[in-house]
Amino acid sequence: VEPTRRANRQRILETIIRRESVSRTELARIAGLAQATVSDIVAELIVDRLVLEDRLPASGRGRPRMRLHVNPQGPSIGGVFLSPDGQVDMLVTDLRGEPSLETRFHIAPCFDGRALAPQLAEGLVAAIGEARLATLLAIGVSVNAAVQTPAGLVHWTLSGDAEAEPMQAMLEQRLGIAAHVDNVANIIGRSLRWTMAERSDGETCVIIVGPGIGMCRLQGGVVQNGADGFNPEFGHVKLGAAGETPCYCGASGCLAAVASIFGLLSQAGQRWSEQFASQFDQLANRALGGDERARALFHRAGRALGSAVANHINACSPAEIAIVSMSSLWSDLARAGFEAQLRADTLPLLHGRAPISFRSFSPELYVRGAIALVLDRLHETG
Ligand SMILES: [Zn+2]
């Protein structure tokens with residue numbers, strides 16, 4: 001499917017989902033598309049059982065009105081978020097996002113992806129059952145790793161494993177339904193895209209500060225990846241401010257080596273484990289309690305991210321940037337360093353143009369984004 005048509009299909013379905021009920025004429029106006037284009041795409045969506053068109057009784061004079069809405073009997077979608085500590089959150093919704101099942105279970109902590117697809121598949125079967133899984137249209141899965149889409153080839157940068165794992169194909173084979181795997185930043189970007197300015201003249205950019213650091217670039221609501229489908233690996237841009245700090249990817253001087261949760265823990269002399277969230281909270285609380293060494297680490301983390309974001313602004317001049325941190329303590333402690341370095345490193349004529357917001361992470365963001373991934377893929381192959 002050509003990119004414009006894919007984006008139009010995505011736009012039309014999302015408009016129907018968000019409006020609940022809409023006419024073809026209204027759709028054409030809202031989406032800014034020709035009536036004929038809208039009619040073609042609506043016909044496809046009806047054939048695919050995603051959308052229904054009903055006749056409303058005429059009010060007074062005039063023809064009866066035809067209204068489009070999401071098919072309530074249409075397929076369900078599963079959104080799956082996999083945390084490196086082995087926690088799996090899953091949400092099953094209809095196309096409108098109405099949840100019908102929410103579940104959480106744990107598999108063994110996995111920093112090394114090899115064993116992960118079979119374990120995740122077993123866990124999903126155990127949690128919701130083969131029969132129910134088989135009723136799903138597809139699942140979307142978020143992983144903390146570099147991913148080549150649309151094939152869902154996963155590169156486990158955290159474990160330094162060089163070989164790609166065909167995780168998506170492995171899940172499909174085991175579960176017997178379509179699976180779509182993407183990088184965590186691309187997942188959260190999809191979740192946030194409708195809360196950000198929709199502009200056609202520049203990208204909107206979502207940056208994630210979690211165990212690693214990621215970025216999602218969106219143009220007109222569509223996720224932009226690189227050649228061969230690689231997601232942006234923003235955490236591994238090299239910075240003078242990061243010096244020779246070794247990174248878990250094997251190189252040194254990476255943004256993630258000083259600013260990510262794993263980077264901060266390594267610099268504090270800790271070996272991160274599946275307890276990384278509580279390890280991080282302890283480090284942050286030391287900084288809040290006035291521990292100078294811990295405070296300095298967070299200040300440097302903020303400066304590194306400020307420098308990296310300034311470089312991105314200088315190179316790409318995005319329209320809007322959202323920074324989502326796994327813990328609000330990260331932004332509380334790193335923000336002063338971030339602001340100072342951002343100002344210092346941004347080309348003056350570009351400074352202050354792109355609004356930058358700090359947002360907090362919630363598991364909801366992940367699973368909603370994974371569901372949005374499935375919807376996007378419907379348009380890519382449809
Ligand atoms: Zn690195």
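**Helix packing, a zinc site and backbone exceptions**

Helices H10 and H11 run roughly perpendicular to each other in this structure, which is a predicted model. The axes of helix H10 (residues 276–288) and helix H11 (residues 292–316) cross at an angle of about 110° and are 7 Å apart.

From H10 come Phe 280, Leu 283, Ala 284, Arg 286, Ala 287 and Leu 288, and they meet Ala 294, Arg 295 and Phe 298 of H11. Sorted by class, the contact of H10 with H11 holds seven nonpolar residues, two charged residues and no polar ones.

Ala 287 belongs to helix H10 and is buried, its relative accessible area being 0%. When neighbours within four places in sequence are set aside, the contacts of Ala 287 are Ala 294, Arg 295, Phe 298 and Leu 333. Between Ala 287 and Phe 298 there are 11 residues in sequence and 7.9 Å in space, taken from C-alpha to C-alpha.

Attention now turns to the metal. Which residues coordinate the zinc ion? The donors are the ND1 atom of His 236 and the SG atoms of Cys 247, Cys 249 and Cys 254, at 2.0 to 2.3 Å. Angles among the four donor atoms span 102 to 118°, and the site is tetrahedral. Along the chain, the donors of the zinc ion are spaced as H-x10-C-x1-C-x4-C. Both His 236 and Cys 249 sit in the loop between strand S12 (222–224) and helix H8 (255–259), so this pair ties together parts that are 13 residues apart in sequence. His 236 is buried at a relative accessible area of 15%, whereas Cys 249 is partly exposed at 30%.

Another cysteine, Cys 205, is found in strand S10 (residues 204–209). With 0% relative accessibility, Cys 205 is buried. Leaving out neighbours within four places in sequence, Cys 205 contacts Met 196, Met 215, Cys 216, His 312, Pro 318, Glu 320, Ile 321 and Ala 322. Lys 238 lies 33 residues from Cys 205 in sequence and 19 Å from it in space, C-alpha to C-alpha.

The backbone holds a few exceptions that deserve a look. As a rule, most residues other than glycine have a negative phi, and most peptide bonds are trans. Thr 149 and Pro 150, however, are joined by a cis peptide bond with an omega of about 5°. Pro 150 is placed in the loop between strand S7 (146–148) and strand S8 (153–155).

Where is Arg 49, which has a positive phi of about 65° although it is not a glycine? Arg 49 is in the loop between helix H3 (35–47) and strand S1 (51–56), and its 46% relative accessibility makes it partly exposed. Asp 228, likewise not a glycine, has a positive phi of about 60°. Asp 228 is located in the loop between S12 and H8, where His 236 and Cys 249 also lie. Is Asp 228 buried or exposed? With a relative accessible area of 60%, Asp 228 is exposed.

Conventions
Residues numbered from 1 in each chain as written. Predicted model: local features only at pLDDT ≥ 70, side-chain atom pairs only at ≥ 80, totals over all residues. Heavy atoms only, no water. Donors = N, O, S within 2.8 Å, 3.2 Å for Na, K, Ca; no water. Tetrahedral: all angles 85-135°; square planar, octahedral: opposite > 155°, others 65-115°. Helix = DSSP H or I, 4+ residues; strand = E, 2+ residues; numbered from the N terminus. Buried < 20%, exposed > 50% of the residue type's maximum accessible area, 1.4 Å probe, protein only. Axes fitted to C-alpha atoms, helices over the stretch in contact; angles between N-to-C directions. Parallel < 35°, antiparallel > 145°, perpendicular 65-115°, else oblique. Contact = heavy atoms within 4.5 Å. Nonpolar A, V, L, I, M, F, W, Y, C, P; charged D, E, K, R; others polar.
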